[in-house]
Amino acid sequence: MLDEFDIRRGLKFIVGKWQPDYFVNAFSDDLAHIPASEFKSDDGTDFTAITFEFFEDKRLTMTNSKSGKTVDGTWEQTDMFKYRYTVGDFFDIPDSSMLESIQTLQMQGENLVFSLGFVAVALKKTEEGTVTEKEDIGDIQPTEEDMNQKDIVGKYEVAKSMGMVNGKFGVFSKDEILAELNKRLEAGEIDEDEVKDSMRSFDAVVEFTDDHKVKTWMKLPEGVSEEEIRAAVEAGEISEVKDGFFAAAENPWKCLNGKYYVDSGEHRELFGEVQSSWDEITTDEEGLIDFSQGMMKLRKK
């Protein structure tokens, strides 16, 4: 199964112009790379005259620059490292297993490779194509209707949090995690302070405000003086304090086409490609909101 990232990566890899670079004879002793320019047809045309041009909309054009023959076709990505294309009668080969091999491209390093009988043909990319950049959630402006969608506004308690229970790491309820911690406490594996630290996430309150902000409120540590709180606010270490809680984080949220999103504020990259910092806010089968990249689940208070 190809996910959205696999498809996007595969699209950027293949779109552009390609031409034969080298051949490898499967029966050779050293599997040497033989330049494509050394393979010539009866009229003296070598394989570098052939050009594959793959387009974003799944079109493909194959051209023989020597004869001027051009044939249009289509292509598709069939798995993470494989493509299949069709170009009609360009090769003038009847429908057969050989034609199927020719029309199957395998990604190998920076090359695309297909089989021509007992010969492997490696294509190199000679020119990048145009791939439309996907519009980031952060760049999309909500409509007036989106701005009025505020069902999510309110305060939420932490219903489940990440922890270890019975040797399994996952998201568990407060009672499940507390029971596990008490077992470890009785066994002398942890002390009371570690129990308190581990349960602190359940003290948090997450607030979706009417002005499109998400505030995560944490309990003020015991014994903190008013002077210390005032100094932390003035230093910018915390932004807001009320009712014994301080705002530990504040991020924007928005609604687009009926779906809610929150900006994590993180810089993310995957295989060198910058990813969106915005996450869709989803709910599970219990109606709990998945939050903090799945680290906790929220229930409206």
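**Chat about strands, a helix and some rings**

Colleague: Which residue in β13 is the bridge partner of V206?

Modeller: V206 has T216 as its bridge partner in β13. Keep in mind that this is a predicted model.

Colleague: OK, how many bridges are there between β12 and β13, and in what sense do they pair?

Modeller: Four bridges, and the pairing of β12 with β13 is antiparallel. β12 pairs with β10 too, again in the antiparallel sense and over four bridges. In that pairing, V205 in β12 stands opposite E157.

Colleague: Which way do the residues of β12 point?

Modeller: V205 and E207 point one way, while V206 and F208 point the other way. Those four residues are all buried.

Colleague: And where does H212 sit?

Modeller: H212 is in the loop between β12 (205-208) and β13 (213-219). The hairpin of these strands has four residues between them, and H212 takes a positive phi there, near 65°.

Colleague: Does H212 count as buried or exposed, and why?

Modeller: Buried, because its relative accessibility is 14%, and the cut-off for buried is under 20%.

Colleague: What does H212 touch, leaving out residues up to four places away in sequence?

Modeller: M147, K150, N251, P252, W253 and K254. Take W253: in sequence, H212 and W253 are 41 residues apart, but their C-alpha atoms are 5.1 Å apart in space.

Colleague: Let's move to the cores. Which residues have the most contacts inside the largest nonpolar core?

Modeller: I152, F208 and L298, in a core of 28 residues. Apart from that one lies another core with 27 residues, among them A36, W75, M107 and L123. As background, nonpolar side chains tend to be buried together in soluble globular proteins.

Colleague: What is I152 in contact with, beyond its neighbours within four places in sequence?

Modeller: F208, W253, Y260, I281, I289 and K300.

Colleague: Which residues of α4 are buried?

Modeller: I177, E180 and L181. Looking down the axis of α4, the buried residues fall within an arc of 95°, so they line one face of the helix.

Colleague: What do those buried residues pack against?

Modeller: β10 (154-165), β11 (168-173) and α5 (192-199). The face of α4 turned away from the buried side has the exposed residues D175 and E186. After α4 comes G188, with a positive phi near 80°.

Colleague: Back to hairpins. Which residue takes a positive phi in the hairpin of β7 and β8?

Modeller: G109, near 60°, in a hairpin with two residues between the strands. The hairpin of β8 and β9 also has two residues between its strands, and there G117 takes a positive phi near 70°.

Colleague: How many bridges join β8 to β9?

Modeller: Five, with the strands running antiparallel. Between β7 and β8, which run antiparallel as well, there are three. V113 turns up in both pairings: V113 is the bridge partner of Q106, and V113 stands opposite A122 in β9.

Colleague: Last topic: how many aromatic pairs does a search of the whole structure find?

Modeller: It finds 11. One of them is F54 with W75, an edge-to-face pair at 6.3 Å centre to centre, with 85° between the planes. That pair links distant parts of the chain, with F54 in β3 (50-54) and W75 in β5 (70-79), 21 residues apart.

Colleague: Are F54 and W75 buried or exposed?

Modeller: Both are buried. W75 is also among the residues of the core with 27 residues.

Colleague: Which residues do ring pairs link into a cluster?

Modeller: F52, F54, W75, Y83, Y85 and F114.

Notes:
Residues numbered from 1 in each chain as written. Heavy atoms only, no water. Pairing = 2+ DSSP bridges. Core = buried A, V, L, I, M, F, W, Y, C linked by side-chain atoms within 4.5 Å. Buried < 20%, exposed > 50% of the residue type's maximum accessible area, 1.4 Å probe, protein only. Contact = heavy atoms within 4.5 Å. Arc of directions from axis to C-beta. Phe/Tyr/Trp six-rings, centres within 6.5 Å; stacked < 30°, edge-to-face > 60°.
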